[in-house]
Amino acid sequence: MLPSLPILTPAQVNAFEAHFFGQDTEKPWTTLQQVGSALGQAVLEDYSTWRTLSRNPHILILCGNGHNAADVLLTANSILEARPRGRAVIIWGITSTSERVLLSRSRNLLQATGRILAEITLSTTCSPEAALKQALSLTPHNTFDLTLDGLFGLNFKPPLPASIATVLDLINNQPAFGLRVAIDIPSGLAEVPCPTAFKAHFTYQTGIPKTLCLNRTQAPYLGRVRVLDLGFFKGVEAASFPLPTNPARVLLPAALQALGALRPAAVHKYTQGTVALVAGSAEYPGALLLAAQGALRSGVGLVRAFAPKSLIPSFAATCPEVIWTPQPEASNGGIDAPALLEALESIKNLGALVIGPGLGQSLSTQTCVQTLAEALPCPIVFDADALCSALQSPLLSRKRKGYISILTPHAGEFERLTGFNESVFTNDQLPTLSKTIGAILCLKGYMPRVTDGHTLYHALAGGPILARAGSGDVLAGLIGGTLAETPLRSAFETTALCVLWHALAGDVWARHTGERATHTSELLRYLPHVLRSYTADV
């Protein structure tokens with residue numbers, strides 16, 4: 001199993017924390033400080049996805065009376081340690097006569113810095129509108145750079161108090177409150193639907209992924225979901241806790257160490273694998289080029305591309321590392337099938353095939369895809385135009401023969417392939433579908449998922465920056481190349497690693513350029529950066 005974390009329900013989280021902390025009264029405080037430090041660093045990194053954080057930022061902190069409030073106070077403290085000229089305003093949404101010890105310690109720690117401009121408490125004499133107006137008036141330009149939500153946590157039960165619902169509605173709909181960050185779960189989200197909730201740009205789950213935060217229907221509230229590994233599941237305490245049998249897990253960035261090791265000293269291009277690409281057409285030539293560039297970044301020894309002959313001259317000039325093999329063109333500008341199978345079968349030790357990006361959806365193309373699927377024993381990545389309902393029979397045939405198939409659909413391609421909307425498949429049901437189809441299934445998009453029919457991995461990275469044409473073509477090439485280069489690793493693990501690699505590269509890309517004014521080719525430059533960040537021990 002790849003380095004990953006189990007996904008727990010609210011009840012399981014409560015049981016695990018009780019087991020983990022036991023009777024130790026100091027361990028929760030030590031852990032809270034670790035949480036605050038990790039969250040502060042993560043927020044500082046991800047803030048640049050939007051813009052550069054001011055040297056004297058103003059932070060609005062929304063506090064209840066639980067551990068989430070302690071989390072956001074320590075997060076703010078961590079951010080303000082990095083930006084000591086910054087200041088904070090706290091709005092207390094819930095008061096309690098018996099303030100919790102950990103919350104009190106967190107509050108005292110932040111107060112001692114002298115960086116709190118004011119603490120405002122919602123009450124019958126201080127309306128939500130008045131509280132927010134007062135808070136904004138304390139900032140230089142009536143704006144906050146950042147809003148941290150710690151009003152309610154995982155154990156919240158609807159409905160929201162009316163005053164807090166009003167506060168959340170006002171903050172959600174005014175840009176004056178800056179980047180909105182939720183800790184563990186946006187206030188107002190619960191197992192029972194609530195009409196109002198905090199709309200986070202980022203939701204950070206601390207230590208334990210929660211089922212509520214992997215519900216795709218709540219995307220407008222969850223925003224970009226991230227998990228910070230705090231090592232909860234590495235100790236003796238975790239080892240003795242009965243973990244759920246749910247097949248779903250969240251991949252950790254540390255999993256990429258499997259791809260970050262040094263190569264053996266005596267390798268050469270033929271020992272590093274060969275991947276072939278069947279892609280591109282006169283209508284969609286760029287898809288092939290992006291897939292080829294993704295394959296090149298995988299580290300594979302040889303990339304061979306079979307493309308309509310009219311595309312070869314310009315592509316060979318752009319990517320001379322690829323072995324470009326011209327193919328006769330069909331009337332629609334795609335590849336003519338008859339000669340292609342013979343050419344592919346002639347390749348010695350073909351490690352993987354990628355088929356589909358930009359290929360077109362003509363009847364001749366579908367026939368070509370089916371022919372190759374039936375005939376070639378190597379692992380095949382079916383992407384884009386190769387994904388259609390007619391593929392189901394060849395997939396089952398490949399399964400019976402023991403051949404490996406990987407499908408990489410986005411939501412529309414998934415529906416074209418299966419006839420179903422992917423949102424109807426839960427984490428429990430998706431592995432069953434993978435078994436039925438007879439292929440490793442990689443669902444791209446918001447919180448991408450990969451399953452082999454037994455385990456299901458989430459990659460909580462990437463996000464809106466990857467929502468542009470060509471991103472999936474890069475991924476398909478990356479998967480195919482890595483499959484060919486590392487044939488001894490399971491195809492499922494390789495696919496999951498590539499999805500994570502691709503998504504994390506999206507994060508780094510977004511922090512450097514922002515999510516809007518960029519283009520897909522730039523993703524390629526961040527793939528090496530990510531891999532070098534998670535290198536294995538020599």
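Start by selecting Trp50 and Arg51: in this predicted model, the charged end of Arg51 sits over the Trp50 ring, 3.9 Å from its centre.

For another charge over a ring, go to Lys27 and Phe20. Lys27 lies over the face of Phe20, at 3.8 Å from the ring centre.

How many aromatic pairs does the whole structure hold? A search finds 12. Zoom in on Phe20 and Phe232, whose ring centres are 5.0 Å apart with planes at 45°, so this pair is tilted. Now colour by element: Phe20 belongs to helix α1 (residues 10-21), while Phe232 sits in the loop between β8 (224-228) and α8 (236-239), so the pair ties together parts that are 212 residues apart in sequence. Both Phe20 and Phe232 are buried.

Next, select Phe202 and Tyr204. Here the ring centres are 5.9 Å apart and the planes meet at 10°, so the pair is stacked. Phe202 is buried, as is Tyr204.

Time for some strands. Show β11 (residues 302-308) with β12 (residues 323-327), and you will find them paired in the parallel sense over 5 bridges.

Now for a few backbone details. Select Pro158 and Pro159, which are joined by a cis peptide bond with omega of about 5°. Pro159 is placed in the loop between β5 (146-150) and α6 (162-172).

Move on to Asn142, in the loop between α5 (128-137) and β5. Asn142 is not a glycine, yet its phi is positive, near 55°. With a relative accessible area of 45%, Asn142 is partly exposed.

Asp184 also has a positive phi, of about 70°, although it is not a glycine. Look for Asp184 in the loop between β6 (179-183) and β7 (202-206). Is Asp184 buried or exposed? At 10% relative accessibility, Asp184 counts as buried, because the cut-off for buried is under 20%.

The last stop is Ser471, in helix α16 (residues 471-485). Ser471 counts as buried, at 5% relative accessibility. To see what surrounds Ser471 apart from neighbours within four places in sequence, display Leu466, His502, Thr520 and Leu523, with which Ser471 is in contact.

Note on methods
Residues are numbered from 1 along each chain as its sequence is written. This is a predicted model: local features need pLDDT of at least 70, side-chain atom pairs count only at pLDDT 80 or more; totals for chains, interfaces and linings use all residues. Side-chain values use heavy atoms; hydrogens and water are left out. Helices (H or I, at least four residues) and strands (E, at least two) are DSSP runs, numbered from the N terminus. Buried means under 20% relative accessible area, exposed over 50%, partly exposed in between (1.4 Å probe, protein chains only). Contact means heavy atoms within 4.5 Å. Rings of Phe, Tyr and Trp (its six-membered ring) pair if their centres lie within 6.5 Å; planes under 30 degrees apart count as stacked, over 60 as edge-to-face and the rest as tilted. A charge sits over a ring if NZ of Lys or CZ of Arg is within 6 Å of the ring centre and within 35 degrees of the ring normal. Two strands pair if DSSP finds at least two bridges between them.
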